[in-house]
Amino acid sequence: MSEVSPITNKPGLAMAWRRREILGPLAALLAVYLVFCWLSPSSFAGAANLELILRQTTIVGLVSLGMTIVIIAGGIDLSIGSAVALSTVVIASLLNAGISPIFAALGGIAVGALAGLANGLMVARLKVVPFIATLVSLLVLRGIAKGIAHEQKVDAPLTWLNELLARLDSVAAWQLVPAGVWLFLLMAALVALMLRYSRLGLHVFAVGSNVKTALLCGINVERVELWVYSLCGAFAGLAGLMQFSRLTVGDPTVASGLELDAIAAVVIGGASLKGGRGSVLGTIIGALLMAVLRAGCTQIGLANWIQEIVTGLIILAAVGFDRLRYRQS
Amino acid sequence: MEEQTANENPFAPTVLDVRNVSVLYGNVQALRGVGLSLCAGELRAVIGENGAGKSSLMNVLAGLVKPAQGEMRLAGLSYSPADPGEARRQGISMIHQELSVAPHLTVAENIMLGIEPVSGFWLKRAAMRESARSALAALGSDIDVDALCSSLSVSQMQILEIARATVGGSKVLILDEPTSSLTKEDTARLFHLLRRLKEEGYAILYISHFLEEVQQIADTYTVLRDGRVVGSGSMAEVELKDLVSMMLGRDLGDLYPSHRHSIGPKVLEVEALSSGKRLSSASFSLHKGEVLGIFGLVGSGRTELLRSIFALDAAKGSVAIKGKPAGSSVSVQALWRGGTGMVSEDRKEEGLSVSMSIAHNLALVETPLLFSPGKLEGQAQVWLKAMSVVASGPEQPVWQLSGGNQQKVAMARLLAHKVDIFLLDEPTRGVDIGSKRQIYDLIHEAAGAGAAVLIVSSYLPELLGLCDRLAVMNRGVLLPFRPVSEVSEFSVMSEATAPVPGLEGQSETMTETNL
């Protein structure tokens, strides 16, 4: 047995495997898209509609990027909806205080990152189960947002921040999609590269697939967890900026339940809640799938409740197909 | 039919008859036309290297895998279970190497799981405890049926699983590597129990790597290689070396490399190390070029000793590596950087991240800040070749490899990082003979090149064959090292089981080895 070692190097195998992982979600996305193109032929396939879908995907897409990292590392973050709301309130308040838009935006992102760091400290240092730690933050951050905002919307002066996700006028049409969407795509590419080509990325997978092995190999698991939750929080802060851009006000009640949309996107994209599996591409497909569904249902006049049922069933189908595929292999 | 009744008892009815069974996983043929028969009261050993098809055969019988072709008859009736539950109802129970008990349930609840006595909606607890108690009593065990399963030892859990099988009416028991994590006494007790079961007419299929043990207990044998039956017959008429050459398809030669290492200066000094309840005192030193062995029963603190040296467990006492203080004060990362590496006894849960690729597993120690996956795979490929790991390539996930190949990957992690102090916990557990031989050679070569090796094992022949010096761990106390030439199997065993003076208070590890 030992003399004959049929080692054949197939460098493309890992990539092929990855591609297979997203094949199901991709097929589902195309199917749903084509169904709506067929049901509402005139407007749905148009460029304007695609642009609308992309703009609508940006906020949930950004938080899903962070959620992807957390879920691959074997955790969960329930607090991101609250972090988004807090971020919008902080940005509006900073603008009101006369701070320049760029620093107000960075302030919102920093608050998100700090909230994430707090989650990371609870998980890594206090060893609180991620579900509970981030449930605590879900309540606390929402409370802080409401407190700062005195439980009402915070009006803020209009600035260029409000154009980040606005429909482009004819002068700026060469940009194809507004800056916020480009920023999202850039972030997605960065996270994908981080997961595949960096030490942090490999260690995120290692912690998620087997903490004991990570410890045996001398990986600083606490530090990885701090990074993971801080990054997730920073993405929630950035999503808060986009949310503020659309609302033009700071709203302490916005984005409640957004964390569940993010989890859905990540799971539809082929990640496992047990950790160790997931991809940025899959997550984006998952987020797009839900956005297409929402836009499609709205345009053909289907009620909101049908959308919700269909989205639920798609999550079930995604997980079911995933199981089937793993049983085969 | 004639050749199949050629067992030592021609009057016993054939319980299980398997003919021409083939199993396909994707396009890999795991079994090719395998046949065997089993009579009431017969214990048949199924032996073969890892990947020979033993597990596939057992999985077919236990209803976990559907055969692509072939016929199975159980007690004369056609048998094709849809799942393990149906296999169990029809009379075949499998006891896996990794025991399956629910730790939060009691012994009685575990034994009666799935066949609970109920009246309408309600559980009949008294009846449940009584059935469980009598099932255990029939096996000669007095485990408390109200104890939580998390408090049981491995051997007790094994008896629990056997009781679960017998109380469910199974007449065929399949045991997969039942002695791999048992001490010698527990193994003896298990064999006693198996003989009793045979007398009561149970038919047993017994999978094991330990050929010496198989010779003691089995009536008949079937050897598998590359998914085919390459030999079968009566155990009394076959010699150990013939079994080995059937398994390997060639002669093995001497399993252990001759050891003649040149011993250098001290590289690891351990003084009065203690940790938790299990490890109370250990002092020794390890030299460059030396292979030290520590033998201990399950629960003796041997694993805790290695974990304490490798800073995975908090410990008191002093550890010095290459003259510098180590122990709990340093990080695991610093130990790896300084040339110390460890192989865990639990390959799947700790040693390797099985869902990740071979290349990534090797890269987990000292990952570059940024890297190209192709480069990592190229580096891993070198080690796969050097250690003749059977894999499709460095990007293959570790769970797809056989146990022996997984263990080689775990060893490769140490070699790839130029480790010169090897801490090896049960490095050949659940590994086929061919891979064992390779791992022994690797250890020998590393020591020859000046590495210092500390091996913890519960398999005495390997320690005697491999080590320069040997010590026994007994209830948390490490006894003095002695050259292997001065110890015998008997002396080591008596040291390992003797009461330790002055430690009467620490008797919990003692009760654990009792049934």
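Predicted model: local features only at pLDDT ≥ 70, side-chain atom pairs only at ≥ 80, totals over all residues.
Salt bridges come first. Over all chains, the structure holds 21 of them. In chain A, Glu222(A) and Arg125(A) pair through their side chains, with an N to O distance of 2.7 Å. This pair links distant parts of the chain, 97 residues apart. Glu222(A) belongs to helix H10 (residues 221-247) of chain A. Arg125(A) sits in the loop between helix H5 (101-124) and helix H6 (130-148) of chain A. Both partners are partly exposed: the relative accessible area is 26% for Glu222(A) and 49% for Arg125(A).

In chain B, a salt bridge joins Lys198(B) to Asp219(B), and the closest N and O atoms are 3.1 Å apart. Lys198(B) lies in helix H6 (residues 184-199) of chain B, and Asp219(B) lies in the loop between helix H7 (211-217) and strand E11 (220-225) of chain B, so the bridge ties together parts that are 21 residues apart in sequence. Lys198(B) has a relative accessible area of 16% and is buried. Asp219(B), at 15%, also counts as buried. Both values fall under the 20% limit for a buried residue.

A further bridge in chain B connects Arg469(B) with Glu290(B). Here the closest N and O atoms are 2.6 Å apart. The two residues are 179 residues apart and link distant parts of the chain. Arg469(B) is in strand E21 (residues 469-474) of chain B. Glu290(B) is in the loop between strand E14 (279-287) and strand E15 (291-296) of chain B. Arg469(B) is partly exposed, with a relative accessible area of 21%, whereas Glu290(B) is buried, with a relative accessible area of 3%.

Chain B also holds a network of salt bridges. Its linked residues are Arg302(B), Glu345(B), Glu426(B) and Arg429(B).

Helix packing is described next. In chain A, helix H11 (residues 258-268) packs with helix H12 (residues 280-299) at an angle of about 120 degrees. The axes of H11(A) and H12(A) are 6 Å apart. The two helices are therefore oblique to each other. Their crossing is right-handed. On the H11(A) side, the contact is made by Asp261(A), Ala264(A), Ala265(A), Val266(A) and Ile268(A). On the H12(A) side, Gly282(A), Thr283(A), Gly286(A), Ala287(A), Leu289(A), Met290(A) and Arg294(A) take part. The residues of this contact divide into 7 nonpolar, 3 polar and 2 charged.

In chain B, helix H5 (residues 154-167) packs with H6(B). The angle is about 15 degrees, and the axes are 11 Å apart. H5(B) and H6(B) are therefore roughly parallel to each other, as the angle is under 35 degrees. The crossing of H5(B) and H6(B) is right-handed. H5(B) contributes Ser155(B), Gln158(B), Ile159(B), Ile162(B) and Thr166(B) to the contact. These residues meet Asp186(B), Leu190(B), Leu193(B) and Leu197(B) in H6(B). By class, the contact of H5(B) with H6(B) divides into 5 nonpolar, 3 polar and 1 charged. H6(B) is also the helix that holds Lys198(B), the partner of Asp219(B).

Burial along a helix and local backbone angles complete the description. Helix H1 (residues 54-61) of chain B is mostly covered, with 7 of its 8 residues buried. The buried residues are Lys54(B), Ser56(B), Leu57(B), Met58(B), Asn59(B), Val60(B) and Leu61(B). Just after H1(B), Gly63(B) takes a positive phi of about 85 degrees.

Positive phi values also occur in chain A, in residues other than glycine. Lys127(A) has phi near 55 degrees. Lys127(A) is found in the loop between H5 and H6 of chain A, the loop that also holds Arg125(A). Lys127(A) is exposed, with a relative accessible area of 56%. For Thr248(A), phi is near 65 degrees. Thr248(A) is found in the loop between H10 and strand E2 (249-250) of chain A. Thr248(A) is partly exposed, with a relative accessible area of 29%.

Technical notes: Residues numbered from 1 in each chain as written. Chains lettered and ligands numbered in written order. Heavy atoms only, no water. Buried < 20%, exposed > 50% of the residue type's maximum accessible area, 1.4 Å probe, protein only. Helix = DSSP H or I, 4+ residues; strand = E, 2+ residues; numbered from the N terminus. Salt bridge = Lys/Arg side-chain N within 4 Å of Asp/Glu carboxyl O. Axes fitted to C-alpha atoms, helices over the stretch in contact; angles between N-to-C directions. Parallel < 35°, antiparallel > 145°, perpendicular 65-115°, else oblique. Left-handed = near helix turned anticlockwise from the far one by under 90°. Contact = heavy atoms within 4.5 Å. Nonpolar A, V, L, I, M, F, W, Y, C, P; charged D, E, K, R; others polar.
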